Amino acid sequence: MKTLSKKKKLLILGGSSLLAYLWAKNVKHLYEIYITKHKCCINYMGLEFIEIDLFSINSVQRILESYNIDIVLNCIGLTNIEACEKKPVEAFKLNSKLPGIVANACNLTNTKLIHISTDHLFDDQNNLYSEEDEVKLLNVYAKSKYEGELEVLTNYQSSIICRTNFFGYGPSHKNSFSEWIEESAKNNEKIVLFKDVFFNPVSGGNLAFFAHHLLDNNYSGIFNISSNKKISKFDFGKLLCKKLNIPSYSILPGSIDDRSDIVKRPKCMSLSNTKLAQAIKNQNLSIEIQIESILKNWETNNL
């Protein structure tokens with residue numbers, strides 16, 4: 001008689017985040033998933049909570065060993081750019097110090113680690129940035145996230161670090177950028193999207209798929225997980241509405257140069273996915289496919 005193979009155990013740090021939700025939703029059939037407890041005790045899928053002092057390496061190591069965790073996904077971070085600028089100590093604590101502690105514990109327990117970084121590490125040059133390009137850090141958020149990458153690599157070279165930007169349908173308490181655009185367009189509410197800020201995001205589900213594929217095939221280091229071509233925030237909003245078959249008249253073009261009230265940030269966050277494409281063959285990485293994948297998942301989950 002054939003015995004069923006046991007599911008590997010995945011621990012998601014930052015369990016109440018949008019990415020944690022998108023990740024868990026897309027891989028729950030493959031892994032036994034645990035999430036860290038948030039102060040609000042949000043649990044959208046009935047996943048098991050684990051309480052950990054994430055700033056104590058002994059506490060993290062003890063949990064990894066006692067639960068026999070196979071993979072850790074670190075989604076924790078202070079991602080609000082304005083908040084990082086106002087609270088730099090907290091930004092570096094969450095975005096830099098914590099990843100180093102987690103990486104050290106994973107190294108000591110031989111636990112695989114996926115660390116989520118950012119696409120805010122460059123400047124305004126009009127090109128696709130590779131993993132080897134020199135960073136240009138414009139604000140506290142970027143500096144703290146980059147230092148987090150260094151902490152992870154210093155403490156555990158076998159980690160996967162994902163530089164990325166993602167979107168998808170989140171839980172009720174965590175509406176995403178794409179959901180905000182959709183709801184605004186449906187309600188004919190005027191919103192302004194930058195025509196001079198470029199990125200190349202992926203769906204949250206595909207981000208999870210690509211990261212686990214890299215991990216399963218023993219890759220390590222920094223990987224850009226992105227779609228093929230850069231697109232402006234404005235054009236992304238228009239394309240999303242087109243795919244949803246809803247009018248986009250209320251989406252207006254704007255320039256980030258007119259926003260003197262916000263912290264300086266890069267105009268071009270587009271990442272080259274050449275390294276990813278070489279590691280994962282025969283994948284369509286177009287932005288159209290990324291949008292279609294979230295719509296397909298949404299329709300499947302709401303039938």
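**Figure 1. Crossing of helices α1 and α7 in the predicted model.** Helix α1, which spans residues 18–27, and helix α7, which spans residues 204–216, have axes that come within 8 Å and cross at roughly 65°. That angle makes α1 roughly perpendicular to α7, and α1 passes α7 in a right-handed crossing. The structure shown is a predicted model. On the α1 side the contact is formed by Leu 19, Leu 22, Trp 23, Asn 26 and Val 27, which meet Gly 204, Gly 205, Leu 207, Ala 208, Ala 211 and His 212 of α7. By class, the residues of this contact divide into seven nonpolar, four polar and no charged.

**Figure 2. Burial of helix α1.** Nine of the 10 residues of α1 are buried, so this helix is largely enclosed by the rest of the structure. The buried residues are Leu 18, Leu 19, Ala 20, Tyr 21, Leu 22, Trp 23, Ala 24, Lys 25 and Val 27. Among them, Leu 19, Leu 22, Trp 23 and Val 27 also take part in the contact with α7.

**Figure 3. The largest nonpolar core and the surroundings of Ile 33.** The largest nonpolar core has 31 residues, and those with the most contacts inside it are Leu 10, Ile 12, Trp 23, Ile 33, Ile 114 and Ile 225. Helix α7 gives the most to this core, with six residues. When neighbours within four places in sequence are left aside, Ile 33 is in contact with Leu 10, Ile 12, Ala 24, Val 27, Lys 28, Leu 47 and Glu 48. A second, separate core of 30 residues includes Leu 54, Val 72, Leu 78 and Cys 106.

**Figure 4. Packing of helices α6 and α8.** Helix α6, residues 177–186, packs against helix α8, residues 233–244, at an angle of about 65°, and their axes are 10 Å apart. The crossing in which α6 passes α8 is right-handed. From α6 the contact draws on Phe 177, Ser 178, Ile 181, Glu 182 and Ala 185, while from α8 it draws on Lys 233, Phe 236, Gly 237, Leu 240, Cys 241 and Leu 244. The residues of this contact divide into seven nonpolar, two polar and two charged.

**Figure 5. Helices α4 and α5 side by side.** The axes of helix α4, residues 88–109, and helix α5 come within 8 Å and cross at roughly 15°; the two helices are therefore roughly parallel to each other, and their crossing is right-handed. The α4 residues in the contact are Pro 88, Ala 91, Phe 92, Asn 95, Ser 96, Pro 99, Gly 100, Ala 103, Asn 104 and Asn 107, and those of α5 include Val 140, Tyr 141, Lys 143, Glu 147, Glu 151 and Asn 155. By class, this contact has eight nonpolar, eight polar and four charged residues.

**Figure 6. Glu 151 in helix α5.** Glu 151 lies in helix α5, which covers residues 140–155, and this residue is partly exposed, with a relative accessible area of 30%. Leaving aside neighbours within four places in sequence, Glu 151 is in contact with Ser 96 and Gly 100, both of which belong to the α4 side of the contact between α4 and α5. Glu 151 and Lys 97 are 54 residues apart in sequence, whereas in space their C-alpha atoms are 7.3 Å apart.

Methods
Residues numbered from 1 in each chain as written. Predicted model: local features only at pLDDT ≥ 70, side-chain atom pairs only at ≥ 80, totals over all residues. Heavy atoms only, no water. Axes fitted to C-alpha atoms, helices over the stretch in contact; angles between N-to-C directions. Helix = DSSP H or I, 4+ residues; strand = E, 2+ residues; numbered from the N terminus. Parallel < 35°, antiparallel > 145°, perpendicular 65-115°, else oblique. Left-handed = near helix turned anticlockwise from the far one by under 90°. Contact = heavy atoms within 4.5 Å. Nonpolar A, V, L, I, M, F, W, Y, C, P; charged D, E, K, R; others polar. Core = buried A, V, L, I, M, F, W, Y, C linked by side-chain atoms within 4.5 Å. Buried < 20%, exposed > 50% of the residue type's maximum accessible area, 1.4 Å probe, protein only.
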